[in-house]
Amino acid sequence: MFLDAAQGFRLHALFDLALRTGMRRGELLGLRWSDLDLTGGILAIRQTLQYVPGTGLVISPTKTPSSERRIALPREAIASLTRHRDQQRLKRLPSSVRSIHPNRRKPLLRH
């Protein structure tokens, strides 16, 4: 129900991943696209994002070697992450190149 309500929100993929994998907040926020193998359905936890008083946000290795691990991604999380990645890629295109077909929500390139 929560994920349905969050549909269309820019952090939907993060919420989806958190609820389906049980990952910790710092692990979720420390993820990079290079940590994800969407084709193979595997996520690698290699680092975390933590707040350090007096310093701010810091990317650091996981606290223990056992915290660095691989997680199998559920099918639904892969779909959500793929949509999110595609949306990010589309936003990076110059506006003169991108156009969204109103009925399909798929990128069309203008010549």
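This is a predicted model: local features need pLDDT of at least 70, side-chain atom pairs count only at pLDDT 80 or more; totals for chains, interfaces and linings use all residues.

Q: What makes the contact between D16 and R20 a salt bridge?
A: The cut-off is a side-chain nitrogen of Lys or Arg within 4 Å of a carboxyl oxygen of Asp or Glu. The N to O distance for D16 and R20 is 2.3 Å, so the pair qualifies. As background, side chains of opposite charge can pair when their charged atoms come close.

Q: Why are D16 and R20 said to be about one helical turn apart?
A: Because both sit in helix α2 (residues 12-21), with 4 residues from one to the other.

Q: Why is D16 called buried, and what is R20 called?
A: Buried means under 20% relative accessible area. D16 has 3%, so it counts as buried. R20 has 36%, which lies between the 20% and 50% limits, so R20 is partly exposed.

Q: How do you know that D35 and R32 form a salt bridge?
A: Their side chains meet at 3.0 Å, N to O, and the limit is 4 Å, so the label holds. D35, at 3% relative accessibility, counts as buried, whereas R32 is partly exposed at 37%.

Q: What about R85 and D86: why does that pair count as a salt bridge?
A: The closest N and O atoms are 3.7 Å apart, and that is within 4 Å, so it counts.

Q: Which residues are linked in a network of salt bridges?
A: R24, E27 and R69.

Q: How do you know that the span of helix α4 agrees with what it should be?
A: Helix α4 (residues 75-92) has 18 residues, and at 1.5 Å a residue it should span 26 Å. Its end C-alpha atoms are 26 Å apart, so the two values agree. Residues buried in α4 include A77, I78 and L90.

Q: What makes β3 and β4 a pair of strands?
A: Pairing takes at least two bridges. Strand β3 (residues 47-52) and strand β4 (residues 56-61) are joined by 6, so they pair, and they run antiparallel. L49 stands opposite I59 in β4.

Q: Which residue in the hairpin of β3 and β4 takes a positive phi?
A: G54, with phi near 85°; the hairpin has 3 residues between the strands.

Definitions and conventions
Residues are numbered from 1 along each chain as its sequence is written. Side-chain values use heavy atoms; hydrogens and water are left out. Helices (H or I, at least four residues) and strands (E, at least two) are DSSP runs, numbered from the N terminus. The expected span of a helix is 1.5 Å times one less than its number of residues. Buried means under 20% relative accessible area, exposed over 50%, partly exposed in between (1.4 Å probe, protein chains only).
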